Amino acid sequence: MLEFMMKASVGDMVFGEDPAVNELETMAADMFGMEAAIYCPSGTMTNQIAIKAHTRPGDEVICSRMAHIYQFEGGGVAFNSGASVALIDSDNGTFTAEDVKQHINNPEDWHKAYTRLVEVENTVNRGAGSCWDFGELKRIRELCDSRSLGYHLDGARLFNAMAVDGRSAAEYGALFDSISICLSKGLGAPVGSLLIGKREIIRQGMRIRKVFGGAMRQAGYIAAAGIYALKNNVSRLPDDHRNAAALAEALRESSLTESVNYGGTNIVIFTLKPGMTAAEYLEKIKPHGILALKTGERSIRMVTHLDVNDGQIKKACEILATL
Ligand SMILES: *Cc1c(COP(=O)(O)O)cnc(C)c1O
């Protein structure tokens, strides 16, 4: 990837003159069968651009209470778009068209915010990498059509979901008005995300990207990493899933574990029995070279990715299972 990046031909992206950025954007739009795409520094930015393009101040966005856009983007929905959220509760961050229906405000009722956008996340980060049922996503599309709502997909890990549900990028592209994908997670690029969507959303998105400070100059070197990632690092994602499943299994065997939540992709979230805090557990595994993220007083998230190989996972499993 680094060698490929070094060979990129670059220009001024702000003027649309960076060949590598243009190639990456065209490649992504074609892959999803959507009209256009824009390259941005982060997935937070692509989500926030989409939300701003879909809404006006005072509008409301329907999403899961677990949603990254609500939990982990610094209150950006309110800060950037002046919009509020209607939150749907569920165990793993997925929900149904019926749930959405319950949260749509009557536009004739002036006490209520205008419901404007439905946002889903696939896979669900805080739902331990759980995947959506594609049929349910379709039913929500139909509901959005009948109620004139926008439909945005936070697909930071969409390729992980596609590796499980067998759907193509084009099938996802046909369903949503806008899709955000991260190149910097399981796909292994050092930086970068793409917002892919309908022409009008992306046209507005280009202006918003500029306002947000995301219109970069010679970004081709990092965009090249994205091209490399899409070409080379998608087909290996099932390896990460197999490794995460092994970790989940090992954690279930450990006497310290209370429960394990594994959504079938590359994320495992587990809870410790009372008696040890997440911070203490992390200190315990660190000397073994195992690093993880505290997600609560007694809960921890582990993620597998292309920099962790089978041998390392095997070793980690042996250590974790006997803790
Ligand atoms: C990581 C992530 C993002 C974007 O995060 P950045 O760090 O800003 O690139 C968005 N949504 C989900 C579900 C994520 O996991």
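Helix α8 spans residues 158-165, and its buried residues (under 20% relative accessible area, with exposed meaning over 50% and partly exposed in between, for a 1.4 Å probe and protein chains only) are L158, F159, N160, A161 and M162. The elements that cover these buried residues include α2 (19-32), β5 (150-155), α9, β6, α11 (220-232) and α12 (237-253), where contact means heavy atoms within 4.5 Å. Helices (H or I, at least four residues) and strands (E, at least two) are DSSP runs, numbered from the N terminus. After α8 comes G166, which has a positive phi, near 70°.

This is a predicted model, in which local features need pLDDT of at least 70 and side-chain atom pairs count only at pLDDT 80 or more, whereas totals for chains, interfaces and linings use all residues. Residues are numbered from 1 along each chain as its sequence is written, and side-chain values use heavy atoms, with hydrogens and water left out.

The domain assignment divides the protein into domain 1 (2-232) and domain 2 (237-322); such bounds come from an automatic or database domain assignment. Between the C-alpha centres of domain 1 and domain 2 the distance is 28 Å. To their contact, domain 1 contributes 16 residues and domain 2 contributes 14 residues. The size of an interface is often given as the accessible area lost when the parts come together. For domain 1 and domain 2 the buried area (the accessible area, with a 1.4 Å probe, that two parts lose on being put together, summed over both) is about 1200 Å², and carbon and sulfur atoms give 58% of this area. On the side of domain 1, the residues that lose the most area to domain 2 are R126, A128 and N160, which together account for 41% of what that side buries. N160 is also one of the buried residues of α8.

By class, the side of domain 1 that touches domain 2 comprises six nonpolar, eight polar and two charged residues. In this scheme Ala, Val, Leu, Ile, Met, Phe, Trp, Tyr, Cys and Pro count as nonpolar, Asp, Glu, Lys and Arg as charged, and the others, Gly among them, as polar. Between domain 1 and domain 2 there are four residue pairs in polar contact, both residues being at pLDDT 80 or more. A polar contact is a pair of N or O atoms within 3.5 Å; within protein, one must be able to donate a hydrogen and the other to accept it, and residues adjacent in sequence count only if both atoms are side-chain atoms. Zero salt bridges are found across this interface, a salt bridge being a side-chain nitrogen of Lys or Arg within 4 Å of a carboxyl oxygen of Asp or Glu.

In the whole structure, by contrast, the search finds 19 salt bridges. Side chains of opposite charge can pair when their charged atoms come close. D177 is buried, at 8% relative accessibility, whereas K198 is partly exposed, at 40%. The side chain of D177 also makes a polar contact of 3.2 Å with that of R141. R141, D145, D177 and K198 are linked in a network of salt bridges. Beyond residues up to four places away in sequence, D177 touches M34, H54, L149, G150, Y151, I196, G197 and I201, among others.

The loop that holds D177 runs between α9 (169-173) and β6 (178-182), and A174 lies in the loop between α9 and β6 as well. A174 is exposed, with a relative accessible area of 65%. D310 is in helix α14 (residues 310-321) and R242 in helix α12, 68 residues apart. D310 is partly exposed at 46% relative accessibility. Within α14, the side chains of E318 and K314 form a salt bridge of 3.9 Å, N to O; E318 and K314 are separated by about one helical turn because they are four residues apart in the helix.
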